Amino acid sequence: MAFLKTPERTKERFSLLLLDLEEYYFEQHTAYHVTASSKKERKIRGSFKVCSRSVIFDPDDHEEPILKIPLRDCKKIEFVEKENNPFNEPRPSSISISCVQAIYIKESNVIAPYRNERGATKINFQLEVGSKTEDVVSTLLQLHRASRLEKLGDQTAMIAANLQSRLARSSFDKNCFQSVAEKPHMECASEMVMPLVSNPGHICITDENLYFQPLNGYPEHVIQIKLHQIRRIYKRRHGLRPLGLEVFCTENDFCSDIYLKFYNTADRDEIYYYIATFLENHMTEHTAESYMLQWQRGHLSNYQYLLHLNNLADRSCNDLSQYPVFPWVLSDYSSAQLDMTNADTFRDLSKPVGALNKERLDRLLARYRGMPEPPFMYGSHYSSPGYVLFYLVRVAPEHMLCLQNGRYDHADRMFNSIGETWKNCLEGATDFKELIPEFYGNDWSFLENKLSLDLGRKQNGSFVGDVVLPPWASDASDFLQKHRTALESQYVSEHLHEWIDLVFGYKQRGSEAVAAHNVFHPLTYEGGIDCDSIEDPDQRIAMLTQILEFGQTPKQLFTSPHPQRITPRFHNMTRSSSITSPLSELSPASQSEDSSFEDLTEESRKLAWANMGNLKLLSSHKIHKEAVTGIAVTRDGAAIFSTSQDSTLKMFSKELQDFQRSMSFSNMALSSCLMLADGKTVVCSSWDNNVYFYSIPYGRRQDTLMGHDDAVSKMCWFDDRLYTASWDSTVKVWQCAADSTSSHKRSQFELLAELEHDAGVNTISLNPAGTLLVSGCKDGTVTIWDTSSYTTLQQVHCHTGTIHHMAFSPDSRHILSVGADCCMKVTDVQTGMVISSVKAEEEQRCFCWDGSSVLCGGRSGDLLLWDLISNTVTKRIPAHSAAVTAMWMNELCTTVITGGEDRQTIFWKLQS
């Protein structure tokens with residue numbers, strides 16, 4: 001199983017799963033549990049563990065049960081001084097705990113429901129190092145006071161203070177470095193996250209390794225990951241906050257090597273950026289769109305694509321509230337033979353599980369229509385910790401016991417039969433669960449009771465054993481093999497995009513979700529509630545607990561319909577007439593243009609750049625009265641927007657081959673434009689010091705941001721943050737919180753940072769990950785900023801005049817800049833050194849580049865193709881009759897749009 005595949009680091013019986021949810025294990029001491037009988041005293045040696053809400057005693061003798069004493073059930077905890085009475089045998093100092101409940105776990109070393117013994121009792125422990133007894137009692141009394149506080153919020157705060165105090169008093173042990181030559185870069189406190197539990201400690205990252213040292217030394221003294229072995233890193237939401245970081249040393253396995261939770265986002269981002277910079281030559285950063293294109297072309301299987309989407313949508317096998325979700329793909333679990341040529345064998349992937357049964361859906365919709373705002377159709381989710389462990393109880397029994405307070409579910413409610421589970425998902429009033437990746441993997445152990453667990457007796461008298469398989473499966477191995485085949489079948493390949501629309505795509509929210517009968521409880525959606533805004537700590541904790549236990553909807557990855565996979569059957573279909581349009585390749589996912597599918601992978605982009613000299617002019621249009629300053633294109637490529645010094649924003653229609661709209665916000669020049677991710681809003685910067693938001697659906701100005709004291713020269717957008725550069729010598733960072741359900745409501749702009757410069761800022765650019773910003777000034781200075789802390793990382797005086805344009809390389813390693821001094825310069829991000837400088841024959845005004853080749857627009861109006869490795873011009877392409885002032889390139893690097901001082905907008909296409 002995914003989270004059980006990590007190598008066992010310890011043979012101990014003790015596990016963090018013996019703790020309560022949200023509990024910490026602080027320290028352990030070798031000790032004796034002293035029991036007195038009528039005849040003599042009995043001492044059981046073991047490990048005495050101090051936890052934030054309990055005391056756990058783990059005996060060395062595995063036949064003895066593990067003893068857990070919840071601190072909330074303790075009436076008295078005392079330090080008993082040692083006795084040196086000459087008439088009696090000396091007694092060492094001890095810890096005496098009077099409690100009303102004791103919990104016995106793993107009796108006779110068998111994983112089974114816990115035995116709770118209620119009633120007043122006194123339990124004594126003697127530490128092997130007696131001198132520590134008084135300090136341990138002092139710690140226990142402090143934690144006992146916390147556990148007895150009336151409000152849960154106060155309890156949590158007191159325990160958190162204790163934890164932070166422990167972390168502050170300790171640090172990473174640098175004797176653990178693998179090499180004396182290692183150079184530490186950063187150390188901070190964090191927690192290692194595992195399913196249902198987390199373990200606090202210290203992170204240390206060096207120039208060679210990432211280390212995690214648990215505060216309690218469990219499961220081992222230090223955990224080490226070599227940086228050069230890391231293949232993927234992901235930022236994660238943990239507990240609804242951007243604090244998680246997951247590290248993978250494999251390409252395709254969805255089980256990570258370590259998942260870390262930090263106490264602040266800045267620490268998380270610094271570690272992320274450091275690793276990403278280190279791995280720039282080893283790691284390719286993928287987006288949902290890049291994976292989508294690979295999948296469409298058949299370079300990724302359905303299984304691999306779903307794993308990648310889950311990963312990008314914050315799903316992790318270390319977080320059961322956000323466990324990867326996979327679809328039910330079959331509807332036939334009763335036939336003797338599985339007929340995959342019959343469409344009726346398969347589940348309708350265009351509908352959520354809750355909408356598959358019309359009678360049940362009608363009842364749910366009737367209730368939905370009578371609900372107060374905000375209404376929802378389904379009161380339970382399709383993925384939650386309980387559902388994950390429902391499927392995995394046979395291989396993860398201790399996780400189930402941890403989640404359910406030491407008990408298994410009722411035997412008749414267990415995962416007994418695949419057919420019965422599917423039937424209940426179709427007919428049950430509150431059962432809408434999907435599947436997990438294990439149903440399409442190679443390990444069938446979750447279907448068999450290999451541990452011989454006593455999972456209870458059903459009403460018919462039979463015991464819960466192996467999962468009952470469909471008649472068409474000869475055994476568990478055969479079931480998984482056929483299930484995998486079904487997932488990769490022609491039918492599922494043709495319809496999987498419909499399920500992706502529901503779970504990761506545009507039908508996840510809003511009116512499309514309502515139309516698709518795909519509306520879940522509002523608390524399950526990202527951003528559904530801001531827990532930090534709830535002032536009452538008790539309410540906040542209760543709300544967070546409810547959300548995490550209820551399950552969470554994945555992060556939305558797509559906001560427009562997901563294209564269908566190209567399968568052999570589709571190649572015979574009649575092509576759409578729209579391919580006759582010369583601009584049909586503007587859309588990176590155009591299904592009507594075969595050639596657009598040729599450039600789906602990174603290799604294809606490299607091929608495109610290798611052939612950039614074959615750029616051919618498609619059409620030219622003069623729609624402005626002054627120089628073109630900016631170009632933005634809608635996601636589907638249907639509309640092209642351009643700004644100009646003539647003060648207008650104009651919309652050009654791909655279909656009509658003419659401009660359709662013209663908007664003017666003031667009588668001053670517009671300096672740049674960009675398209676927001678929703679595809680519904682164009683943002684324009686102006687020399688009148690303002691930024692204008694134009695709504696495409698409503699055809700009018702939606703908002704104005706009056707942000708600067710001089711002309712706004714350039715803008716960037718990333719994750720609801722707008723970066724504006726101005727000749728007033730500042731770059732300002734704005735948080736733009738808009739009502740996502742309506743494109744006509746006013747946005748709220750919060751100024752997050754003001755980045756000061758010594759001269760007017762003429763251009764800015766973000767790296768692909770949005771972690772770095774570079775600004776270029778009129779005095780020729782290049783400044784690199786960290787977007788999480790807004791601190792300067794590098795400042796280089798690159799050019800002797802105004803910088804016109806600059807951009808990061810795709811791997812974020814280098815920055816290319818062009819200026820009025822006719823120079824093209826490449827700056828190393830990490831060192832701030834100018835590593836390449838070329839003096840061109842003419843001033844270059846704008847460009848696109850892939851890290852080694854550059855397509856430039858010069859003062860003469862020609863397009864120049866530069867090879868930065870040899871510092872030579874490899875091709876000159878006649879284009880405009882005056883300077884090229886704006887350039888746009890699509891994601892596949894096959895379509896280019898340029899604008900110039902000659903007022904022309906020219907469309908180009910790469911000829912294969």
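Student: In which loop is the place of Lys-106?

Tutor: Lys-106 is placed in the loop between strand E6 (94-105) and strand E7 (115-127). Helices (H or I, at least four residues) and strands (E, at least two) are DSSP runs, numbered from the N terminus. This is a predicted model, in which local features need pLDDT of at least 70 and side-chain atom pairs count only at pLDDT 80 or more, while totals for chains, interfaces and linings use all residues. Residues are numbered from 1 along each chain as its sequence is written, and side-chain values use heavy atoms, with hydrogens and water left out.

Student: Is Lys-106 buried or exposed?

Tutor: Buried means under 20% relative accessible area, exposed over 50%, and partly exposed in between (1.4 Å probe, protein chains only). Lys-106 has a relative accessible area of 10%, so this residue is buried. Apart from its neighbours within four places in sequence, its contacts (heavy atoms within 4.5 Å) are Arg-13, Glu-64, Pro-65, Ile-66, Ile-111 and Glu-398.

Student: What percentage of the residues of the protein chain count as buried?

Tutor: Of its 912 residues, 57% count as buried. The chain has 14 helices and 42 strands. The radius of gyration, taken over C-alpha atoms, can be set against a globule rule of 2.2 Å times the number of residues to the power 0.38. Because a compact globule with 912 residues would have a radius near 29 Å, the 31 Å of this chain agrees with the rule.

Student: At what angle do H2 and H13 pack?

Tutor: Helix H2 (residues 152-168) and helix H13 (residues 537-550) pack at about 85°, with axes 7 Å apart. H2 is therefore roughly perpendicular to H13. On the H2 side, Leu-152, Gly-153, Asp-154 and Thr-156 meet Pro-537, Asp-538 and Ile-541 in H13.

Student: Which backbone features deserve a look, and what is the omega of the bond from Tyr-218 to Pro-219?

Tutor: Most residues other than glycine have a negative phi, and most peptide bonds are trans. The bond from Tyr-218 to Pro-219 is cis, with omega near 5°, and Pro-219 is found in the loop between strand E10 (209-214) and strand E11 (223-226). The bond from Glu-373 to Pro-374 is also cis, with omega near -10°.

Student: What is the phi of Asn-405?

Tutor: Asn-405, a residue other than glycine, has a positive phi near 55°. Its place is in the loop between helix H8 (397-403) and helix H9 (418-427). Asn-405 counts as exposed because its relative accessibility is 60%.

How values were computed:
Axes are lines fitted to C-alpha atoms, for helices over the stretch in contact, and angles run from 0 to 180 degrees between N-to-C directions. Angles under 35 degrees count as roughly parallel, over 145 as roughly antiparallel, 65 to 115 as roughly perpendicular and the rest as oblique.
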